[in-house]
Amino acid sequence: MKYGETTFDILYLLFAIVSGFVILRRATDKTGKRMGLAALILGCGDAFHLVPRVLNYFVSADFTAALGVGKLVTSITMTLFYVLLYYIIAGFSWQAQSRRVTVCVWTLAAVRILLCLFPQNGWLQNSDGMTWGIVRNVPFVLLGAAVCVLAFRARKTEPTQGRLWLYILLSFLFYIPVAVAAGILPMLGMLMLPKTVCYILMICAFHRYVAQKK
């Protein structure tokens, strides 16, 4: 299992990071640039968690703190990823361009990041406590729900992004059980695999957008 997971993690990180650079280079408009930046943030942020996880399989050392801090960094970068997704959707849908919605998105993101910084999360101990797992993810889920709704409303305005809302929805459906109860049922961690596949599909949608704009 460790070899399969390790291979998948490495290929995913390479795909996300390389895609970010490729999309940034090929993008001809602001929305495309944001897509490239989003892919880079996604890949680089996940690397802080996945690299220690991979090393933990093959190196005899204590990676508890590294894994915990990696989760913290990933939590923050994932939040920024969804903020960028909001601006990406706003770039091809006038319906998403609302000051009220923008304030809501940034407020939820700020609250999420602030909650992640509380010591009660126990990052250095790589804690899987359910209480703070729920607390810090409430604003994140609300942020994801808002972006998902906007993507659904805008699905017909940009054909290459027509399924973006579905990828967002599925990623959260896979993520929530892990965030809430993985400490009690470790097997729930397997849901991170299909969640990651959803992010790969999002990046593929970014590639399609950039390709059809050239």
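Colleague: How are α2 and α3 oriented to each other?

Modeller: α2 and α3 are roughly antiparallel to each other (angles over 145 degrees; under 35 is roughly parallel, 65 to 115 roughly perpendicular, the rest oblique). This is a predicted model, in which local features need pLDDT of at least 70 and side-chain atom pairs pLDDT 80 or more, while totals for chains, interfaces and linings use all residues. Residues are numbered from 1 along each chain, and side-chain values use heavy atoms, without hydrogens or water.

Colleague: Which angle and distance describe the packing of α2 and α3?

Modeller: Two packed helices are described by the angle between their axes and the distance between the axes. Here α2 (residues 30–58) packs on α3 (residues 64–92) at about 165°, with axes 9 Å apart. Their contact has 16 nonpolar, eight polar and four charged residues.

Colleague: How do α1 and α8 cross?

Modeller: The axes of α1 (residues 2–26) and α8 (residues 192–213) come within 10 Å and cross at roughly 20°, so α1 is roughly parallel to α8. On the α1 side, the contact (heavy atoms within 4.5 Å) includes Phe8, Tyr12 and Phe15; from α8, Leu193, Ile200 and Phe206 are among the residues. The residues of this contact divide into 14 nonpolar, three polar and one charged.

Colleague: Is Glu5 buried or exposed?

Modeller: Glu5 lies in helix α1 and counts as buried, at 16% relative accessibility (buried is under 20%, exposed over 50%, partly exposed in between, with a 1.4 Å probe and protein chains only). Leaving aside residues up to four places away in sequence, Glu5 touches Arg53 and Tyr57.

Methods: Axes are lines fitted to C-alpha atoms, for helices over the stretch in contact, and angles run from 0 to 180 degrees between N-to-C directions. Helices (H or I, at least four residues) and strands (E, at least two) are DSSP runs, numbered from the N terminus. Ala, Val, Leu, Ile, Met, Phe, Trp, Tyr, Cys and Pro count as nonpolar, Asp, Glu, Lys and Arg as charged, and the others, Gly among them, as polar.
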